[in-house]
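Subject: Structure handover and findings

Dear colleague,

Please find below the structure that I am handing over to you.

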Amino acid sequence: MKQRKIPLRKCTGCQEMKDKKELIRVVRNDEGEFSLDFTGKKPGRGAYVCPCTECLEKAQKSRGFERSFKSAVPQDVYLSLKDELERRNG
């Protein structure tokens, strides 16, 4: 049986290539609204970050999401991501 290819994506914080399933996707839709996508299937432009607060802080400091989306990212996106990470990591 043929081996399935595992999609890789780059974390905007640590810049490491990881499995798509390990990362959290942030999506900007056509209206410019940002949302978190845990299924990986929402329509729109996506950027990925590791599920750890260190990578999120690196992405915020290096403006990784701004580069990926080619536009400014509101502060509440970072806050909702941080809340979700804290909830998932305990």
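Predicted model: local features only at pLDDT ≥ 70, side-chain atom pairs only at ≥ 80, totals over all residues.

Three strands make up an open sheet in the order E4-E3-E5, and their pairing is antiparallel. Strand E4 (34-37) and strand E5 (45-49) are the edge strands; each has a single partner strand, so one side of each lacks a neighbour in the sheet. On average, and with direction ignored, neighbouring strands of this sheet are turned by 30 degrees against each other.

Strand E3 covers residues 24-28 and is joined to E5 by five bridges, the two running antiparallel. Within this pairing, Val-27 faces Gly-46 of E5, and Arg-28 stands opposite Arg-45 of E5. Towards E4, strand E3 is held by four bridges, again in an antiparallel arrangement. Here Arg-25 has Asp-37 of E4 as its bridge partner, while Val-26 has Leu-36 of E4.

How much of E3 is covered? Four of the five residues of E3 are buried, which leaves the strand mostly covered. As a general point, side chains in a regular strand alternate between the two faces of the sheet.

**Backbone points to check**

The hairpin of E3 and E4 has five residues between its strands, and in it Gly-32 shows a positive phi near 90 degrees.

Two further cases are residues other than glycine. Arg-63 has a positive phi of about 60 degrees although it is not a glycine; its place is in the loop that lies between helix H1 (53-61) and helix H2 (64-69). Lys-70, also not a glycine, has a positive phi near 55 degrees, and Lys-70 sits in the loop between H2 and helix H3 (75-89). Is Lys-70 buried or exposed? Its relative accessible area is 70%, and exposed means over 50%, so Lys-70 counts as exposed.

**The aromatic cluster**

The count of aromatic pairs in the model comes to three.

Another pair is that of Phe-65 and Phe-69, which are stacked at 6.3 Å centre to centre with 15 degrees between the planes. These two residues both lie in helix H2, four residues apart, or about one turn of the helix.

Why do Phe-65 and Phe-69 count as buried? The cut-off for buried is under 20% relative accessible area. Phe-65 has a value of 0%, so Phe-65 falls under that cut-off. Phe-69 has 3% relative accessibility and is therefore buried as well. Taken together, the ring pairs link Phe-34, Phe-65, Phe-69 and Tyr-78 into a cluster.

**A contact between positions apart in sequence**

Leu-56 is part of helix H1. Its relative accessibility is 4%, and because buried means under 20%, Leu-56 counts as buried. Leu-56 and Leu-81 are 25 residues apart in sequence, and their C-alpha atoms are 8.0 Å apart in space.

**The surface**

Which residues form a nonpolar patch on the surface? Ile-6, Leu-8 and Met-17 do so, and together they have about 300 Å² of accessible area. Of these residues, Met-17 is placed in strand E2, which covers residues 17-19.

Yours sincerely

Conventions: Residues numbered from 1 in each chain as written. Heavy atoms only, no water. Patch = residues over 30% accessible without salt bridge, like charges linked within 9 Å, V, L, I, M, F, W, Y side chains within 5 Å. Areas by Shrake-Rupley, 256 points an atom, 1.4 Å probe, with all protein chains shown as cover. Salt bridge = Lys/Arg side-chain N within 4 Å of Asp/Glu carboxyl O. Pairing = 2+ DSSP bridges. Axes fitted to C-alpha atoms, helices over the stretch in contact; angles between N-to-C directions. Buried < 20%, exposed > 50% of the residue type's maximum accessible area, 1.4 Å probe, protein only. Phe/Tyr/Trp six-rings, centres within 6.5 Å; stacked < 30°, edge-to-face > 60°.
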